[in-house]
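Dear colleague,

Please find the structure below, handed over for your records. My notes on it come after.

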Amino acid sequence: MDKIAQDVGDIQSRLLDHRPVINAEIRYFVREFEEKRGHRESRLLENLNKMVLETNEQMLPTSLEAIAQQLSDVTKRLEAANHMVERVQQRELEAQQSTQLQANMEHLKDEWAEFLKEQQRLKEEVDEEHAKAVGQLSTQYCEMKKDLTKFPPL
C-alpha cells in the first residue's frame, strides 16, 4: 500500500506540480532571449557608430559651412542694424539740438523784443526831454528877444 500511495503521490505531483518544467522553460527562454538580444544590441550599436561616423565625415563639414555662412549673414545684418540705430540716434540728437536751438532762438527773440521796447521807451524819454529843452530854449530865446526889443537899436 505504501508503494501505491507513493506512486499516486508521484503521479499527482507530475500531473499537478509543473514548477520544475516551468522553471526549465523559463531558464531556456531567458537564455535564448539574452543571446538574441545581446546580438541585436551589438548590431544596433554598430549601426549607430556607423551613422555617427558618416555624419561626422559628411554632415559636419556642410553643417559647419552653413553655420559659417549664416553667422556671416547674421553679422552683416547686425552691422546694418547698428548703422541704422546710429543714424536714428544721430537724427534724434540733431532734432534735440534743433529743438534746443529753436528754444534759444525764441529766447533771443524775446530778449530782442524787450531790448527794442526798452530802446523805444528811452527814445521817448529823450524825445520828451528834448522837447522840454527845446520848449525851454524857445521860451528863453523869446524872452531874450523881448528883452532885446526893449533896448534901443544901436
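The notes below cover the annotated region, a surface patch and the salt bridges.

This is a predicted model, in which local features need pLDDT of at least 70 and side-chain atom pairs count only at pLDDT 80 or more, while totals for chains, interfaces and linings use all residues. Residues are numbered from 1 along each chain as its sequence is written, and side-chain values use heavy atoms, with hydrogens and water left out.

An unreviewed UniProt entry annotates residues 64–136 as "coiled-coil region"; such annotations may be inferred rather than shown by experiment. That span is 100% helix and 0% strand, and its end C-alpha atoms are 105 Å apart. Helices are DSSP runs (H or I, at least four residues), numbered from the N terminus.

I22, I26, F29, V30 and F33 make up a nonpolar surface patch with about 490 Å² of accessible area together (Shrake-Rupley method, 1.4 Å probe; patch residues have over 30% relative accessible area and no salt bridge, with nonpolar side chains joined within 5 Å). I26 belongs to helix α2, residues 19–150.

There are four salt bridges (a Lys or Arg side-chain nitrogen within 4 Å of an Asp or Glu carboxyl oxygen). R121 pairs with E118 at 2.3 Å, N to O, and with E125 at 2.4 Å between the closest N and O atoms. D127 and K123 also form a salt bridge, at 3.4 Å; these two are four residues apart in helix α2, about one helical turn. Through shared partners, E118, R121 and E125 are joined into one network.

Technical notes. Patches are made of residues with over 30% relative accessible area and no salt bridge: like charges are joined within 9 Å, nonpolar side chains (Val, Leu, Ile, Met, Phe, Trp, Tyr) within 5 Å.
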